[in-house]
Amino acid sequence: MTGVVLAATIGTLFALGTFLLLRRDLIRVVWGLAIISQAANVYLLAMGGIAPATAESVPILAGHGEHVPETADPLVQALVLTAIVIGFGMTAFALVLSYRVYEEHDTLDVTELGESE
Amino acid sequence: MTATPVGTASTLVIAPMLVVLVAAAGTLLLGRHPRARTAVSLAGGAGYAIAVAAIDWYIVLAPDAPGIATYQVGDLPAPFGITLVADGLSAFMLTMVAILGIASLVFSTRHLPGGEGRSYYFPLFHFLALGVTGAFLTGDLFNLFVWFEVMLMASYVFVAYSGGPQHTRAAFWYVTLNLLASAVFLLGVGGIYATTGTLNMADLAQRLAEPAAYGLDPVPVVGLLGLLLSVFAIKAGLVPFQFWIPTAYRAAPPQITALLAGATKKVGIYAIIRLSFTIFAGAEVAVDLPLPLVGVAITGDSPLPFVGAALFVMAAGSILLGGIGAVGRDSMEGVFAYSSIGQVGFIAIPVAIAATAAGPELRTFAIIAALVYALNHTLAKGLLFLAVGTVRSATGTSRFADLGGLAKRSPPLALAVFVGSLALVGIPPLSGFFGKFLVFDAAARAGSGPVLVLLLVGSLLTIAYATRLWNRSFWGARTDAVEAATVDPVQIAILVGLAVAIIAVGIGFEPVYEFAETAAEAALDTEGYVDAVDPQTASELAGSNGGGH
């Protein structure tokens, strides 16, 4: 059940991101990028899955001595943390760039930008 | 605790990264002191060259060298920590980047574009080098993603660096494309983790070779490798992912474009070779992809035939599109940008031949051809883009309409560009001759007629655009811009130095070939790679730690 919901969510996010990426407005394009990179993060989390913890996946729990609870894979969370930071920085940079584009070209319309070449 | 011994060889692996990192931080701190900044920057470049030379000699080339060395970051054993690996392939790539990086760095001290952003130029330069170096040395798939990002972030700023309206626009497209590529990279990485349960490259190779022993089904990795391949093709600028190259290369300062073409492109090529051959070649997957529309069936027992077929198509497109595009450009950097699309095709063709090769002999030979061609492209295209920088700083333009008669105005400049162009064309005794010769030889040994014809057409196009560039800018009547030009002697010295390097590689080709051979053997030696990294399982680790408490 969780799997289906996650798959549907990730699919929807990617669809939404792609739709926004194909718009004519630069700000929407940046939003599209942000959503796609978040969708990739959710996908990464989903790839870890939830499993009974073993010494293989969570060594600290194995040394705990008592009942080991079911856990989410910690590795993908570390990966996602890195990816979120990178994605956040890049979204900010893309927004600044699009503001600069607006200042210099007086438009945020992708088609008009292409014509001004 | 039986930690991996930290010897000199092991520490050497991380040395070039530490040197650039210190140089990047140092130049950032000295932002307000231009002289000290330049000095630190040059010292960083020299230190980098020394570190790379030390890796070349002590790890790869010396008679008693181990051939491969690893550094476990934080002394965490693989696959739990991040592993850095230096082998022949990494060393070959690093050497290429070091030669070009030094040239570009010294060039930058003479001709620093930009106004207020100037104090950030050298830190960014070193961060770009850091990303490239990290990508060549890492032995971890996710870490590779991180180094790609480090490299890209610096290059984003460089594309926007000159600050004009067209630069900002070019940077926006460049950022958009690469952010999308990063997301695709993450999809590939996540999928591979879910399929195999590891991201350490050596562990990955080990698990894929014996999927049954680890209880995994390796079939999805073929598709996931395809995802990664498309990301690396974007970095390398192979057709159909080439469209960002002309605008980005025109927007970035020329000495950075030299690095983008000479170094970051090679990261894409390196990643394709490393992942396809060292890591995924041993995967036991039955690939059976009938393509009735084109009448070809892709079959095999590893993902390599699939990689080979995809690369053939992309490389053929690149050679044709790059060559035809370059013939019609109206500026020097426009010609070289399209030319570098075509030249990457020439590097990808032997890689594709290696992927589809029947025997190990042809496979090694084809990889050697690719590496030698990559070296030639780095030297020649680096020289030519730096020459664009010289022409621009001397005359203020690089458009053919405003140029002419440069040959008489500055004979050394003309000579250097002449050598660079001939190296692209492939005239003996320059490095380009051996590059072209080996690629043709690999295609002939593979017995592929259409590929030979394609290479021939590509070579003819190279001659066409190189001749046209020469006629338009170096011969003919001097224009006003050329008449008023003042050519910087240090820049000329750098160009001549690179030209001499191209000739030297051609004349003393024997050691270069041996180095490339070592690199190609390292790229194909999955077993040696796995043994050197020595990925352990958690239970093995617990045993060696005396119970793990």
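Me: What makes residues of chain A and chain B count as in contact, and how many are there on each side?
Reply: Two residues are in contact if their C-beta atoms, placed from the backbone, lie within 7 Å. By that test, 27 residues of chain A are in contact with 25 residues of chain B. This is a predicted model: local features need pLDDT of at least 70, side-chain atom pairs count only at pLDDT 80 or more, and totals for chains, interfaces and linings use all residues. Residues are numbered from 1 along each chain as its sequence is written, while chains are lettered from A and ligands numbered from 1 in written order.

Me: Which helices of chain A supply the side that touches chain B?
Reply: α2 (26–48) and α4 (74–105) each give at least two residues. The largest share, 14 residues, is from α4(A). Helices are DSSP runs (H or I, at least four residues), as are strands (E, at least two), numbered from the N terminus.

Me: What is the pattern of chain A along the sequence?
Reply: The pattern reads α-α-β-α-β-α-α. That comes to five helices and two strands.

Me: Why are residues of chain A called buried, and what share of them is?
Reply: A residue is buried if 20 or more other C-beta atoms, placed from the backbone, lie within 10 Å of its own, exposed if 12 or fewer, and partly exposed in between. Of 117 residues in chain A, 29% count as buried.

Me: Where does UniProt place "transmembrane region" in chain A?
Reply: The unreviewed UniProt entry annotates residues 6–22, 29–55 and 75–97. Such annotations may be inferred rather than shown by experiment. In the model, residues 75–97 of chain A are 100% helix.
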